[in-house]
Amino acid sequence: MKSVDAHLADILATVRPLAPLELDLEQVLGATLAEDVSSPVPLPPFDNSAMDGYAVRADDLSEIPVTLPVIDDVAAGSTELRAVGPGHAVRIMTGAPLPAGADTVVPVEWTDGGTVSVRIDRRAETGNAIRRAGEDVEAGDVVLEAGTVIRPAQLGIIAGVGRRRVKARPRPRVVIISTGAELVEPGSPLVTGQIWESNSYTLAAAVREAGAEGYRVGSVTDDPAVLLDRLDTHLVRADAIITSGGVSMGAYEPVKEALSPLGTVRFEKVAMQPGMPQGFGVLGDDQVPIFALPGNPVSSFVSFVLFVRPALDRMRGLPSGMPSSVTAKAAGPLRSPSGRRSFLRGVLAPDGTVAPVHGQGSHQLAALATANALIMVPEDVTEVPTGATVEVIKL
Ligand SMILES: Nc1nc2c(c(=O)[nH]1)N[C@H]1C(S)=C(S)[C@@H](COP(=O)(O)OP(=O)(O)OC[C@H]3O[C@@H](n4cnc5c(N)ncnc54)[C@H](O)[C@@H]3O)O[C@H]1N2
Ligand code: MOO
């Protein structure tokens with residue numbers, strides 16, 4: 001059987017980072033920057049007030065209380081140049097440009113709030129409540145480096161330096177197709193022999209959590225021709241495809257039957273539990289990667305974590321490899337088949353212990369839903385005693 005590491009290595013040697021595009025601000029969340037972004041101007045661009053209050057000269061506050069005439073009013077957005085002379089005050093709002101001559105802002109709470117004249121009851125030091133030009137960013141400074149994933153705050157600074165578009169690798173578009181004649185959409189009634197289709201929902205959600213776009217395109221039955229037709233329809237808009245089911249040894253294995261003859265997708269047994277039957281390859285002129293995952297719900301999810309998520313990282317231009325793990329102490333004994341690496345579902349506690357959940361079958365989706373970690377048991381280990389150190393992947 002092929003090792004987990006060899007299968008992941010094959011996948012990562014095949015998938016490529018997506019080509020960068022000029023993306024609009026509205027489309028760029030979750031994309032990976034492919035250029036350094038710098039600011040054309042200092043930020044803030046001008047000295048301005050951090051509070052609503054009065055712009056004055058600190059020298060005029062040597063005797064407190066003091067009453068000063070209010071000679072002007074300046075709001076945020078004001079583009080007129082104003083000045084404050086000795087013995088005067090200008091009423092100012094948060095974000096408004098500081099009038100020339102002023103060197104401190106007295107918050108309105110320290111005054112009587114007057115509009116003709118103002119009584120100031122507390123001394124403000126020079127520079128109080130003033131935000132200086134360039135305090136955040138100097139003109140020309142790089143604010144984000146190539147390779148940064150654009151999350152809300154990063155998107156904010158791109159807009160904040162005035163950029164409408166940036167060069168970035170988009171979120172990969174992943175089409176998800178479940179296969180199986182027994183599958184029924186949740187919300188519809190079941191008859192004997194049927195089950196509700198869950199894998200495409202799990203996988204689409206996992207794709208989105210992994211920073212890509214997940215498109216469920218409905219399940220197909222066990223007819224390989226229908227699957228090929230569905231693939232043909234969706235290939236044009238996919239950066240990757242995930243199928244679930246139809247890859248083992250049964251009489252009706254539509255994914256294997258449809259894709260094996262193409263010669264670009266290999267079906268192999270990977271030495272892991274769950275997730276042993278795996279298909280991977282490329283489709284079409286654009287060599288779109290396809291992950292043919294096993295149908296058992298826990299198997300498809302674990303396969304996603306081990307193989308698809310690292311591939312999506314690579315497509316996004318991020319470092320990729322085996323999911324990171326932490327060490328923990330086994331809270332109970334663990335069993336694992338010889339020659340296969342196990343990914344047991346477990347609950348990692350804050351005290352650093354990890355307990356296997358009850359129900360380790362590949363079909364036991366409810367048990368998976370109670371887990372927050374995968375406990376790895378190496379290929380050459382069949383039993384792990386309570387208290388032993390194990391590696392776990394956090395979910
Ligand atoms: N004779 C053998 N039988 C099986 C082997 C084997 O080596 N020899 N491998 C087993 C292992 S391991 C796995 S994993 C499964 C993989 O089977 P398939 O990928 O062909 O998946 P299916 O047969 O279509 O389904 C398996 C199981 O999962 C349920 N399922 C499938 N799709 C969904 C879905 N979208 N939502 C919810 N549940 C789904 C399906 O009803 C089956 O119960 O093969 C073993 N057999
Ligand atoms: O390897 Mo299968 O994934 O046992 O369920």
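The model being predicted, local features need pLDDT of at least 70 and side-chain atom pairs count only at pLDDT 80 or more, whereas totals for chains, interfaces and linings use all residues.

On confidence, the protein chain averages a pLDDT of 96, and 100% of the residues score at least 70; pLDDT is the predictor's confidence in each residue, on a scale from 0 to 100. For the complex, the predictor gives an ipTM of 0.98 and a pTM of 0.93.

The chain is split into domain 1 (4-18 + 172-315), domain 2 (21-43 + 135-169), domain 3 (48-131) and domain 4 (326-394), with bounds that come from an automatic or database domain assignment. Between the C-alpha centres of domain 2 and domain 4 there are 41 Å. A UniProt annotation from an unreviewed entry, "domain: MoaB/Mog", covers residues 175-314; UniProt positions are given in the numbering used here, feature names are shortened, and such annotations may be inferred rather than shown by experiment. Over residues 175-314 the chain is 34% helix and 26% strand, with the end C-alpha atoms 17 Å apart. Helices (H or I, at least four residues) and strands (E, at least two) are DSSP runs, numbered from the N terminus.

Back to β17 (residues 240-244): 5 of its 5 residues are buried, so the strand is largely enclosed by the rest of the structure. Buried here means that 20 or more other C-beta atoms lie within 10 Å of the residue's own; 12 or fewer makes it exposed, anything in between partly exposed, and C-beta atoms are placed from the backbone. Both faces of β17 are covered, with A240, I242 and S244 buried on one side and I241 and T243 on the other. Strands of a sheet pair through backbone hydrogen bonds, either parallel or antiparallel. Two strands count as paired if DSSP finds at least two bridges between them. By that rule, β13 (residues 173-178) runs parallel to β17 and is joined to it by 5 bridges, with I176 opposite I242. β17 also pairs with β21 in the parallel sense, over 4 bridges.

Next comes β20 (residues 277-283), where 6 of the 7 residues are buried, so this strand too is largely enclosed by the rest of the structure. β20 pairs antiparallel with β18 (residues 265-269) over 5 bridges, Q278 being the bridge partner of E268. Another 5 bridges join β20 to β21 (residues 288-293), again antiparallel, and G281 stands opposite I290. The hairpin of β20 and β21 has 4 residues between the strands, and G284 takes a positive phi near 75 degrees there. Q287 lies in the loop between these two strands and has a positive phi near 55 degrees despite being a residue other than glycine. With 13 other C-beta atoms within 10 Å, Q287 is partly exposed.

Now for the ligands. Of the 27 residues around ligand 1, N199, G245, S248, P294 and G295 come nearest; a residue is near a molecule or strand if its C-beta atom, placed from the backbone, lies within 6 Å of it. Helices α3 (199-209) and α6 (297-315) each supply at least two residues of this shell, which divides into 9 nonpolar, 15 polar and 3 charged. Around ligand 2 sit Q273, P274, G275, M276, P294, N296, S299 and S362: 3 nonpolar, 5 polar and no charged. P274 lies in the loop between β19 (272-273) and β20, and the peptide bond from Q273 to P274 is cis, with omega near 0 degrees.

A cis peptide bond also joins L43 and P44, with omega about -10 degrees. Finally, A129 has a positive phi of about 55 degrees although it is not a glycine, and A129 is buried, with 20 other C-beta atoms within 10 Å.

Conventions: Residues numbered from 1 in each chain as written. Chains lettered and ligands numbered in written order. Nonpolar A, V, L, I, M, F, W, Y, C, P; charged D, E, K, R; others polar.
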